[in-house]
Protein chains: 2
Amino acid sequence: MTSGGFHIRQLTVVGLGLMGGSMALALRDYADNICGVDPSSSTRCYAVENGIVDHATDDLKEGVAEADVVILAAPVRVVVEMLGRRIGSYLRSNTLLIDLGSTKRDIIDAMGRLPIGVQAIGGHPMTGKERSGVEASDANLYEGRPFVLCETRRATPATRLRALGLVNAIRALPIEMDAERHDRVVATISHLPYLLSAAMVATVAEEADKDDAVWQLASGGFRDMSRLTGSNIQMMSDIVSTNTQAIAVLLAQFRMQLALLEKMLIGRDDKELADALHPVREARLHWFDNYGGKGNL
Amino acid sequence: MTSGGFHIRQLTVVGLGLMGGSMALALRDYADNICGVDPSSSTRCYAVENGIVDHATDDLKEGVAEADVVILAAPVRVVVEMLGRRIGSYLRSNTLLIDLGSTKRDIIDAMGRLPIGVQAIGGHPMTGKERSGVEASDANLYEGRPFVLCETRRATPATRLRALGLVNAIRALPIEMDAERHDRVVATISHLPYLLSAAMVATVAEEADKDDAVWQLASGGFRDMSRLTGSNIQMMSDIVSTNTQAIAVLLAQFRMQLALLEKMLIGRDDKELADALHPVREARLHWFDNYGGKGNL
């Protein structure tokens, strides 16, 4: 039941979606007992019947009361609300509390206001799948993927070591940074691309309303650039709404870059345009060669 | 040697890259004789040795003099220059002249100024590959893909029928439209996405200069959105430079759409944001279900 010294008596996963279900599966061998908390009875039923968790409840208090590790695998704003309202009083002292939210500042702030004695730390595993829901749970979802850890006012040195043990157990790669830095990085690599994809598809759809040939002729370039708009809207809207500040900065920088390219293009300065495009192409190729083959979402 | 009545005595392909080489291979069974024109001796050598063409030359006049079908498979600005300078006087009367350029207005204009008797029509096959060059030639490159045909002042009804025969022979799907409409459609589905991808990568690279974690954490969303920046810069710069007017219109529309999304986001109007994202997501899914599985570039 233990490996590398990491051991959990009772693990409670709050939110049995793709991320939470996969976390339960990945920690199966490290936990004596796994409890799932989810409002949906069909989700709880599926998770228990398929051995993802040992038992399940819709009662947060009951679910976390005996846990020594609690993972909050709910959307960012649900996590923030849970942290603000009740969960602090339900937890035993020294419980390790970690979340999997895609933005960190609001969550880290809320964790900092938990009762002293709760060992709270922010987490963001950089992984995912096209499919969501407990049925898509996968014990290997986190393997080899970056897992960001953000300290909080409730994180002691012991908290950090336990969180590193957990990340190690699921075979992810821990990366420690503060919440502000994290939120700016994900605004850059994830939220900016999503919003650009959405604005592009809106533009293309507007043209397609006037001319059917637009849809007919759209091909691989459009396919790649539009894929992110297929994301779950509730999830993405939850994410971007909790990171507006960093996103606004990135959008301003993007607009500047686009204006530069347009100026060269309209000015028919081909040499200057090519000179601007070369480092962009190099940056992409460099990233792809070093990191690009690894991500799945 | 014939099929469906379409038959070529001498086919000349000017420019033995991926597109030209694939055209020669796809028309192999319809042409008694195929000549390739290319400035590179190694390309000519490869094309002859691999049976892509029967013979090859670097002399445009010699290459096209006896042809009854000439395919211009060079970059847009090279095609425009060829049309403006010499080729008209080299061609026999009633030769079918078609190009494969990615933008059509400049080429159609130049074709309209060719000597009367040349049967000139614009073409744009909507296909491609990651790899380029004569070595990547593929007899099935055009199969099942849209092939836009644009009339010119030198296109007679017979020109149109011959061009449709050619498109049919390579098993592509003919779509007839005027040059202006074509250029606006490709600005929408191809040039806009490319410029957005480039401006996005420039923005991300700027952030990565300040923080290494940007490259480390970038994942599948960034990968898709950045892929187009890996395109050949000379080719893309040639394409966008010959379509600045349509691109400027599309960029203005895109900026409007992005500003709308940002306004909802910053205003924290979640309901409005979700209401705006839903039709975008629907449009993407609708396109993907109907057309999305087919394109290769």
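Predicted model: local features only at pLDDT ≥ 70, side-chain atom pairs only at ≥ 80, totals over all residues.

Biologist: How many bridges join strand β1 of chain B to β2(B)?

Modeller: Six bridges join β1(B) (residues 8–14) to β2(B), and the two strands run parallel. Residues are numbered from 1 along each chain as its sequence is written, while chains are lettered from A and ligands numbered from 1 in the order in which they are written.

Biologist: What makes β2(B) and β3(B) a pair?

Modeller: Two strands pair if DSSP finds at least two bridges between them. β2(B) and β3(B) (residues 55–57) have three bridges, in the parallel sense, so they pair. B:Val37, for instance, has B:Thr57 in β3(B) as its bridge partner. By the way, strands are DSSP runs of E with at least two residues, helices are runs of H or I with at least four, and both are numbered from the N terminus.

Biologist: Which helix does the chain pass through from β2(B) to β3(B)?

Modeller: Helix α2 (residues 41–49) of chain B, in a right-handed β-α-β crossover. Right-handed means that, with the strands pointing away from the viewer, the path from the first strand over the helix to the second runs clockwise. β1(B), helix α1 (residues 18–26) of chain B and β2(B) also make a right-handed β-α-β unit.

Biologist: Why is β2(B) called mostly covered?

Modeller: A residue is buried if 20 or more other C-beta atoms, placed from the backbone, lie within 10 Å of its own C-beta; 12 or fewer makes a residue exposed, and in between is partly exposed. Five of the seven residues in β2(B) (residues 31–37) are buried.

Biologist: Over to chain A. Why are α12(A) and α13(A) called roughly antiparallel?

Modeller: The axes of α12(A) (residues 244–266) and α13(A) (residues 270–292) come within 8 Å and cross at roughly 150°. Angles over 145 degrees count as roughly antiparallel, under 35 as roughly parallel, 65 to 115 as roughly perpendicular and the rest as oblique. The two helices are therefore roughly antiparallel.

Biologist: Which residues of α12(A) and α13(A) meet?

Modeller: A:Leu260, A:Leu261, A:Met264 and A:Leu265 in α12(A) meet A:Glu272, A:Leu273 and A:Ala276 in α13(A). Contact requires C-beta atoms, placed from the backbone, within 7 Å.

Biologist: And what order do the strands of the chain A sheet have?

Modeller: The open sheet of eight strands goes β3-β2-β1-β4-β5-β6-β7-β8, with mixed pairing. β3 (55–57) and β8 (173–176) of chain A each have a single partner strand, so they stand at the edges.

Conventions
Axes fitted to C-alpha atoms, helices over the stretch in contact; angles between N-to-C directions. Contact = placed C-beta atoms within 7 Å.
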